[in-house]
Amino acid sequence: MALDFGIFDHVDRGDLALTEFYENRLKLAEGYDQVGFRTYHCAEHHSTPLGMSPSPSVYLSALAQRTKKLRFGPLVYTLALYHPLRLAEEICMLDQMSRGRFDLGVGKGISPIEVGYYGADPTKTEKIFGEAMAVIMQALTQKSVTFKGEFFDFKDVPMELSPYQQPHPPLWYGVVSPDSAARAAVQKMNIIANVPAPVFAAMSDAYRKAYEAKHGHAPMARMGIKVQKVTPPARKRWLSSGSCSASSQAGRNTARSTASWNCPASTADSQRTSASSSACSNRRSSSVREIGKSTRLNSSHTDISRMP
């Protein structure tokens, strides 16, 4: 079984001044790099203390220069809030500056309130996502972009930048159901889910079935499941900020700060994860706790000692 560990970080606000807050987060990323985590994912949120990296590209460009081996990327870019050509250029820059360590996570955004603050219509974000994704993929893989849709219209736009990884950086998508997992499989996207292992089993089965139907026996993309450490102070600040509805199940599920994930290759693997990863998990958890002591992170932290 192929199993790797990574970090998912909301970059949620603590009690430190922002200058010190960002510096400590970057020091923690250096520690993740040193102890051997595979990938660091950060969330994108707006107008809420849940996420202090509203521009993941800016934050990750600093992280790229502070790490050597750690892969990194947004989980996710909220595509409804971006001009797709501009974002494609940023993706190329990040991938080139890190020599191919960038992972591209995309989505339409989980919070209608947050996209609404920017003047985007929450009822149209799924359509905007589809068009933006089509433009971005064309921009990453071709020398020019021509596209005509409801929201974007381009003709023969030259693309001077290209990604380091060819044909493009690995794609990541957060799934919420077996159907969404199957759609991601058709696009060869890596997936990650915030659900218990028994629920993820149905998603992984749907993913594998759709992947094999579309791509045959080609090497399968990664499937990840988040193992979460809930930090009550961060959750309380977010719920009281007005940026989400406390009665919303999606809101409650999102009010986490930092998580880890594993990549089971099959349903059976996901059920065996706890036993097979215990020793590795405990070693890395201990290492990160030691790193955290030197960074005064008084809000969220990583805990990978508890597997589903």
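Predicted model: local features only at pLDDT ≥ 70, side-chain atom pairs only at ≥ 80, totals over all residues.

Biologist: Pocket, then: what volume does the largest pocket have?

Modeller: The largest pocket comes out at about 1200 Å³. Of the 45 residues that line this pocket, the closest to its centre are Ile110, Tyr173, Gly174, Val175 and Val176.

Biologist: And which element gives the most to that lining?

Modeller: That is α5, which contributes 5 residues to the lining of the largest pocket. Several elements each supply at least two residues, including strand β8 (171–174), helix α6 (178–186) and helix α9 (249–254).

Biologist: How does the lining divide into nonpolar, polar and charged?

Modeller: The lining of the largest pocket has 24 nonpolar residues, 15 polar ones and 6 that are charged.

Biologist: Switching to the surface, which residues make the nonpolar patch?

Modeller: Met93, Met97 and Leu161 make a nonpolar surface patch of about 270 Å². Of these, Met97 is found in helix α3, which covers residues 84–97.

Biologist: Why does Met97 count as partly exposed?

Modeller: Because its relative accessibility is 45%, and the partly exposed class lies between the 20% limit for buried and the 50% limit for exposed.

Biologist: Now the charges: how many salt bridges are there?

Modeller: The count comes to 10 salt bridges. One of them joins Asp4 and Arg222, with the closest N and O atoms 2.7 Å apart. Asp4 lies in the segment before β1 (6–9) and Arg222 in the loop between α7 (197–215) and β10, so this pair ties together parts that are 218 residues apart in sequence.

Biologist: How exposed are those two, Asp4 and Arg222?

Modeller: Asp4 is partly exposed, with a relative accessible area of 24%, and Arg222 is also partly exposed, at 27%.

Biologist: What about Asp9 and Arg25, buried or exposed?

Modeller: Both Asp9 and Arg25 are buried. They form a salt bridge whose closest N and O atoms are 2.8 Å apart. Asp9 lies in strand β1 and Arg25 in helix α1 (residues 18–35), so the pair connects parts that are 16 residues apart in sequence. Asp9 and Arg25 also belong to a salt-bridge network with Asp12.

Biologist: Which residue does Glu23 meet in a salt bridge?

Modeller: Glu23 meets Arg66, at 2.8 Å from N to O. Here Arg66 is in helix α2 (residues 56–66) and Glu23 in helix α1, so to speak distant parts of the chain, 43 residues apart. Arg66 is partly exposed, at 27% relative accessible area, as is Glu23, at 30%.

Technical notes
Residues numbered from 1 in each chain as written. Heavy atoms only, no water. 1 Å grid on protein atoms, 1.4 Å probe; cavity = no way out; pocket = protein on both sides within 12 Å on 5 of 7 lines; lining within 4 Å. Points joined across faces, edges and corners; volume = space filled by probe spheres on them. Helix = DSSP H or I, 4+ residues; strand = E, 2+ residues; numbered from the N terminus. Nonpolar A, V, L, I, M, F, W, Y, C, P; charged D, E, K, R; others polar. Patch = residues over 30% accessible without salt bridge, like charges linked within 9 Å, V, L, I, M, F, W, Y side chains within 5 Å. Areas by Shrake-Rupley, 256 points an atom, 1.4 Å probe, with all protein chains shown as cover. Salt bridge = Lys/Arg side-chain N within 4 Å of Asp/Glu carboxyl O. Buried < 20%, exposed > 50% of the residue type's maximum accessible area, 1.4 Å probe, protein only.
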